[in-house]
Structure formats: structure tokens, C-alpha cells
Amino acid sequence: ALKYYQKTLDIETRYQNYTGMAIAENNIGNVYDDLKKNKEAIKHYQIGLKYAEKENYKLLQTDFLTNLGRMYQKEKDFIQAEKYLRKSESFSRELDAIGSLKTVCHNLGDLYYFQGKYAQAEKCYLEALSVSKKMEDLENIYVANQALAELYETTEDFKKAYFYKVEAEAAKDSTFKIETAQNTDELLKKYE
């Protein structure tokens, strides 16, 4: 993957296509992220962010900022992580990019949860859940409910933990039912 993404980057660089260069750097950063080579991923995300800034492509910047926030959290540099995630949140709100907002809110929740800042984590997870519901995104409704259940279990608010665990399972069941219906429909089409 790195070989082909690097070729893509070379082509985009030859044509000075900063958007294409940014996307290629993001893809390379994602590979290093998957390989758990955080410092390499950070390097490519930062380069890509600079290209996205040159193009004033704020939506693409939100991806880089969120990725950098996650990477710095993994590196336990919480100040940098929060800085990047908050900037991504700001752009997401400015652009009314609810998909990006959902992701960054959940990442902020994880950041605060990991640091033991449970009130801040709760606020972020609740917003991620609210946005996921607006989007009717069952998978992320499940993830947000699961995060809230774990948070409330950690803070020993077992009544809320139980409530969100039940909500998470309901979202998981709904996702399973939709996937099953889609698979059944595909099999029927093949049969016919």
C-alpha cells in the first residue's frame, strides 16, 4: 500500500495538486497508523495538513486535525491532542459537517475519559450520541452508547450504565437486523 500511495503522491506532486497531495499524505499516514508507527503517521498527517491549509480546504483539514489528535493521544501528549481535536471541532461546527463533528466529539470523549476527566468525557460522548442519532447512524449510536455505559460504570453510576448498555445492545440488534435483511435480499436476487 505504501508503494502505491507514494506513487500517487509523486504524481500529485509533479502536477502541484495540493488537494491530491494532501489526500495521498493522509493515506500514507493511515497506513503508518495501522502499523502502529505513530511518529511516522504524525509526520505524514502534518505534511498533509499543510497542503490542505494551502488550499484552504477546511473539511479536509478536519480529517487531519482529528487524526493528529488521535495520534498525540496515543503518544500520551494530551495537550497537543486536545489542541488538534478542538481545532477540528471548531471547523466541523463552522462547516456544519456533522459527520466530522460526530467523530471529533467521540475522540474528545475518549481523550478526556483516558485522563479521568469524566464530566468532560460525558459531555462529548452525549454530543457524539446526539449527532449519531440525527444521522441515523446505528453503528455509531452503538459505539456512543457503549462508551457512555463504560463511563458510567467507571464512575459507579450503575443505573445510567445499565440504561446505556441496553441502548447499545438495541442499536447493535438493529444493525444486525438491517445487515441480515440486506444479505437476505442479495441472496434472493442471486437466486432469482
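Visitor: Which side chain does lysine 74 meet in a salt bridge?
Guide: In this predicted model, the side chain of lysine 74 meets that of aspartate 33, with 2.8 Å from N to O. The pair links distant parts of the chain, since lysine 74 sits in helix 4 and aspartate 33 in helix 2, 41 residues apart.

Visitor: Is lysine 74 buried or partly exposed?
Guide: Lysine 74 is partly exposed, because its relative accessible area is 42%.

Visitor: And aspartate 33, what does that count as?
Guide: Buried: aspartate 33 has 8% relative accessibility, and the cut-off for buried is under 20%.

Visitor: What does aspartate 33 do with arginine 70?
Guide: Aspartate 33 forms a salt bridge with arginine 70 as well, and the closest N and O atoms are 2.7 Å apart. Aspartate 33 belongs to helix 2 (residues 18-34) and arginine 70 to helix 4, so this pair ties together parts that are 37 residues apart in sequence.

Visitor: Why can side chains pair like that at all?
Guide: Opposite charges can pair when the charged atoms come close.

Visitor: How many salt bridges are there?
Guide: The count comes to nine. One of the others joins the side chains of lysine 102 and aspartate 137, at 3.2 Å from N to O. Here too distant parts of the chain are linked: lysine 102 is in helix 6, and aspartate 137 is in the loop between helix 7 (118-135) and helix 8 (138-154), 35 residues apart.

Visitor: Are those two buried or exposed?
Guide: Lysine 102 and aspartate 137 are both buried.

Visitor: Which residues are linked in a network?
Guide: Arg86, Glu89, Arg93 and Glu127 are linked by salt bridges into a network.

Visitor: Glu89 is in helix 5, then. Which residues of helix 5 are buried?
Guide: Glu89 is one of them, along with Ala81, Tyr84, Leu85, Ser88, Phe91 and Ser92. They are on the same side of helix 5, because they cover an arc of only 165° around the axis.

Visitor: What do they pack against?
Guide: The buried residues of helix 5 pack against helix 3, helix 4 and helix 6 (98-114).

Visitor: How far does helix 5 reach?
Guide: Helix 5 covers residues 78-95, which is 18 residues, and reaches 25 Å between its first and last C-alpha, close to the expected 26 Å. Just after helix 5 comes aspartate 96, with a positive phi of about 55°.

Visitor: Back to helix 4. What does glutamine 73 touch?
Guide: Glutamine 73, which has its place in helix 4, touches Phe78, Ala81, Asn107, Asp110, Leu111 and Phe114, leaving aside residues up to four places away in sequence. Glutamine 73 counts as buried, at 15% relative accessibility.

Visitor: Now helix 3. What about alanine 41?
Guide: Alanine 41 lies in helix 3 and counts as buried, at 0% relative accessibility. Not counting residues up to four places away in sequence, alanine 41 touches Gly29, Tyr32, Asp33 and Met71. Asp33 is the residue that pairs with lysine 74 and with arginine 70.

Visitor: Where is the nonpolar surface patch, which residues make it?
Guide: Tyr57, Leu59 and Leu95 make a nonpolar surface patch of about 250 Å². Tyrosine 57 is found in the loop between helix 3 (38-54) and helix 4 (58-74), and counts as partly exposed at 35% relative accessibility.

Visitor: Last one: what follows helix 1?
Guide: Glutamine 16 follows helix 1, and its phi is positive, near 55°. Helix 1 itself has 13 residues (2-14), and its end C-alpha atoms are 18 Å apart, which agrees with the 18 Å it should span.

Terms used. Residues are numbered from 1 along each chain as its sequence is written. This is a predicted model: local features need pLDDT of at least 70, side-chain atom pairs count only at pLDDT 80 or more; totals for chains, interfaces and linings use all residues. Side-chain values use heavy atoms; hydrogens and water are left out. Patches are made of residues with over 30% relative accessible area and no salt bridge: like charges are joined within 9 Å, nonpolar side chains (Val, Leu, Ile, Met, Phe, Trp, Tyr) within 5 Å. Accessible areas come from the Shrake-Rupley method with a 1.4 Å probe; for residues, only the protein chains shown count as cover. A salt bridge is a side-chain nitrogen of Lys or Arg within 4 Å of a carboxyl oxygen of Asp or Glu. Helices (H or I, at least four residues) and strands (E, at least two) are DSSP runs, numbered from the N terminus. Buried means under 20% relative accessible area, exposed over 50%, partly exposed in between (1.4 Å probe, protein chains only). The expected span of a helix is 1.5 Å times one less than its number of residues. The arc is that of the directions from the helix axis to the C-beta atoms. Contact means heavy atoms within 4.5 Å.
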